[in-house]
Amino acid sequence: PQTSGALGKPQGQDLASGNITAPTIFALQKSEELRGLLGDDRLQSEGSLDRAMGLVKSLGGIEDAKKLAREHGDKAKENLQVLPDCEEKQSLDMMVDYVLQRIC
């Protein structure tokens, strides 16, 4: 779940700080309004941060980013298969699972 506790920071903090993350990039591809909020407005208008966050969510940006994370996680785990079975391999595999569990 995408709660502040699960994320380890307040929701929208990246957007408010000007950091454009994967969910926003995916949503930007679908929304002229979001491009305006982040470009011309720079989230300075009252309610613009909440509106931008709502657009990212409603346009599927979060789900698209989760899908991308799962794809990369699956690829990482697949690439681990070339390593011999050992404690380090298990640790890397568990790390991928941990990260995906936190964000997906």
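**Salt bridges, fold and surface of an all-helix predicted model**

A search of the whole structure finds 7 salt bridges, a salt bridge being a side-chain nitrogen of Lys or Arg within 4 Å of a carboxyl oxygen of Asp or Glu. The model is a predicted one, in which local features need pLDDT of at least 70 and side-chain atom pairs count only at pLDDT 80 or more, while totals for chains, interfaces and linings use all residues. Residues are numbered from 1 along each chain as its sequence is written, and side-chain values use heavy atoms, with hydrogens and water left out.

On the pLDDT scale (the predictor's confidence in each residue, from 0 to 100), the protein chain averages 93, and 92% of the residues score at least 70. Confidence is lowest in helix α1 (residues 4-7), with a mean of 61, and highest in helix α6 (residues 61-80), with 98. Where pLDDT is low, the predicted coordinates should not be read in detail.

The secondary structure consists of 7 helices and 0 strands; helices (H or I, at least four residues) and strands (E, at least two) are DSSP runs, numbered from the N terminus. Along the sequence this gives the pattern α-α-α-α-α-α-α. With a radius of gyration of 17 Å, well over the 13 Å that the globule rule gives for 104 residues, the protein chain is more spread out than a compact globule. Here the radius is taken over C-alpha atoms, and the rule is 2.2 Å times the number of residues to the power 0.38. Along the principal axes, the C-alpha atoms fill a box of roughly 55 × 25 × 20 Å.

Buried residues make up 26% of the 104 residues, where buried means under 20% relative accessible area, exposed over 50%, and partly exposed in between (1.4 Å probe, protein chains only). The accessible surface of the chain comes to about 7,100 Å², and carbon and sulfur atoms hold 53% of this area; the areas come from the Shrake-Rupley method with a 1.4 Å probe, and for residues only the protein chains shown count as cover. Of the contacts (heavy atoms within 4.5 Å) with a separation of 6 or more, 52% are between residues 24 or more positions apart.

Several of the salt bridges can be described individually. The side chains of E33 and R51 meet at 2.8 Å, N to O. This pair links distant parts of the chain, with E33 in helix α4 (residues 32-38) and R51 in helix α5 (residues 48-58), 18 residues apart. E33 counts as partly exposed at 38% relative accessibility, and R51 also counts as partly exposed, at 41%.

Within helix α6, E63 and K66 lie 3 residues apart, about one turn of the helix, and their salt bridge has its closest N and O atoms 3.6 Å apart. E63 is partly exposed at 47% relative accessibility, whereas K66 is buried at 12%. The salt bridge of K89 with D85 has its closest N and O atoms 3.2 Å apart; K89 counts as buried at 10%, and D85 as exposed at 74%.

Leaving aside neighbours within four places in sequence, G61 is in contact with P23, F26, A27 and V56. G61 and T21 are 40 residues apart in sequence, with their C-alpha atoms 9.7 Å apart in space.

The loop between α4 and α5 deserves a look at its backbone. Most residues other than glycine have a negative phi, and most peptide bonds are trans. R42, in this loop, has a positive phi near 55°, and L43, also in the loop, has a positive phi of about 60°.

On the surface, V82, L83, L92 and M95 form a nonpolar patch with about 370 Å² of accessible area together. Patches are made of residues with over 30% relative accessible area and no salt bridge; like charges are joined within 9 Å, and nonpolar side chains (Val, Leu, Ile, Met, Phe, Trp, Tyr) within 5 Å. L92 lies in helix α7 (residues 87-103) and counts as partly exposed at 36% relative accessibility.
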